[in-house]
Amino acid sequence: HDSNTAMGALVSLATAPLSMLGTCAGSLAGSCFAGLTCKACTCACILPSKLASMLYLFTVSLFVIMALLFEYEGGDIVIGGKTNQTEESIISQIQHAAMHSASSGAQSFWNDKFWCASQHPGGWVICCEDVCGGVYSVYRFSFALTAFFALLALLTAITSRFAASAHRGFWIGKVFLLAGLLVSTLFIDNDFFEAYREAARYLSFLFLLLQILLLIDFAYTWNETWLSYDEDGDDESCCGWKLAILLSAAFLYLASIGGWVLLYVYFGGSACPAQQTVISLTLILSLALTAVSCSKIAPHGTLLTSASVTAYATYLAYSALASHPDEACNPMKATGESASGLVVGLVVAALSMATTAANATGSKQALLGKEQGNDLDKPLDDNAAKSADGESEEVGPESWWYFHCMMLASSLYMAMLLTEWTSLPAERNGVPVASGEMGDWAVGLSSFWVKLASQWVALVLYGWTLLAPFCLRETRDFGIEFDF
């Protein structure tokens, strides 16, 4: 007993100077870190506009990857844990005694907030599995991005040099801001994110509409690029770039036709007249728009663009039908949308956001054209120039609200796409569940109508890009000449 008392006294005497030394070193390190952080956050670090846009796109992609990892592999996050009470090393005993004396009270106060604390005695709980795992972890990543891009949209709403700097600079400060937003979501209840999810469900409709505009712009650019390759080349054979355009369009149309057949087989049974109507409308409207794109009233129309829109409309039809709650007409009700649906959604979203990063004004012109006498095609960074002494880049007045609104919409859509549009309630703790059980929560009339309405409006918008040059030829210049 006396030896144990002596050992305890020795440990207590040893921990006192260690605690004082740690406090002093921590204060000095904190002061240095705070000074460096302030210096770094105030660094403008102006980048070219396209490089800045690509960095935003990379940020969204990184958050998507992290959200998927936390959704399927996430769980309790804890720092530390039980210590080995049988350790014989006096150095180890001194270290653990110092940590325990400094943190036992604060640790108990902190861990009382977490229901999973009892599973990790001696550890500092950062978050439990209902926060750092499952679908509710995806909502946190989505919310952090949404708040980040909403702030940037406000800061860049007015054309000014400040807006240009806000979009193209202060990257270290943005990293700290985004990290702070993400960490702050750990302290928000899941009830809030249940409401956020419902808001994202309907606001995702906006992204789906913006996405079709960007895909239309991408398809037109794709067609024009390959045509320019064919015109610039010296190869007069039939195996040129024009053949590649025809083959690509044929592939997309064959894939769409195969999709229509499968939709009729799996969703359009004799007892499902509503599903049959959805599939038939998709088929009729797609073929009608293809006919318009090949007519004289739309000389700018291309078969490749129509094929791309047809394939996208077919995908939206499938996604909507897979979200219908009628089990008799939805064989995927028990399992939810297949993994292929997630892959297709991610690929389409990636293409649209890449188009946004490459040209933030292209889709606006595709929808409205340009007014006569105005130059909406002028690059947004023409006034940017490096100063002679190598200091920060001078930028001219710019406005990037449209770009950040697109990124904001994609952040909202991310919350739906990665979770299969599920309605899993907050009291289920948001952890990954069996696929069949997730399927029951992944269907619903609200998701069905959002996807279906987005398909209809998307087809209308594509029809508008075909007919607008003809209908508005007296007031707007689309750069298109008609033969009649």
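Modeller: H8 and H11 cross in a right-handed manner, in what is a predicted model.

Colleague: At what angle do the axes of H8 and H11 cross, and within what distance do they come?

Modeller: The axes of helix H8, residues 190-232, and H11 cross at roughly 150 degrees and come within 8 Å. The cut-off for roughly antiparallel is over 145 degrees, so H8 is roughly antiparallel to H11.

Colleague: Which residues meet where H8 contacts H11, and of what class are they?

Modeller: On the H8 side they include Leu 208, Gln 211, Ile 212, Trp 222 and Asn 223. On the H11 side they are Leu 304, Thr 305, Ser 308, Val 309 and Tyr 312. By class, this contact has 10 nonpolar, four polar and no charged residues.

Colleague: Which residues make up the contact of H5 with H7?

Modeller: From H5 come Arg 140, Phe 141, Ala 144, Leu 145, Ala 147, Phe 148, Leu 151 and Leu 152, and from H7 come Lys 174, Leu 177, Leu 178, Leu 181 and Leu 182. The contact has 11 nonpolar, no polar and two charged residues.

Colleague: What is the sulfur distance for Cys 272 and Cys 329, and why does the pair count as a disulfide?

Modeller: Their sulfur atoms are 1.9 Å apart. The cut-off is within 2.5 Å, so the pair qualifies. A search of the whole structure finds one disulfide. The link of Cys 272 and Cys 329 is left-handed, with -95 degrees about the S-S bond.

Colleague: What does the pair tie together?

Modeller: Cys 272 lies in the loop between helix H9 (241-266) and helix H10 (273-293), and Cys 329 in the loop between helix H11 (303-321) and helix H12 (339-358), so the parts tied together are 57 residues apart in sequence.

Colleague: Are Cys 272 and Cys 329 buried or exposed?

Modeller: Buried means under 20% relative accessible area. Cys 272 has 4% relative accessibility, so it counts as buried. Cys 329 has 3%, so it counts as buried too.

Colleague: What is the phi of Phe 170, and where is Phe 170 found?

Modeller: Phe 170 has a positive phi of about 60 degrees although it is not a glycine. Most residues other than glycine have a negative phi. Phe 170 is found in the loop between helix H6 (161-168) and H7. At 32% relative accessibility, Phe 170 counts as partly exposed.

Colleague: How many helices and strands does the protein have?

Modeller: There are 16 helices and four strands. Of the 484 residues, 42% count as buried.

Methods:
Residues numbered from 1 in each chain as written. Predicted model: local features only at pLDDT ≥ 70, side-chain atom pairs only at ≥ 80, totals over all residues. Heavy atoms only, no water. Contact = heavy atoms within 4.5 Å. Helix = DSSP H or I, 4+ residues; strand = E, 2+ residues; numbered from the N terminus. Nonpolar A, V, L, I, M, F, W, Y, C, P; charged D, E, K, R; others polar. Buried < 20%, exposed > 50% of the residue type's maximum accessible area, 1.4 Å probe, protein only. Axes fitted to C-alpha atoms, helices over the stretch in contact; angles between N-to-C directions. Parallel < 35°, antiparallel > 145°, perpendicular 65-115°, else oblique. Left-handed = near helix turned anticlockwise from the far one by under 90°.
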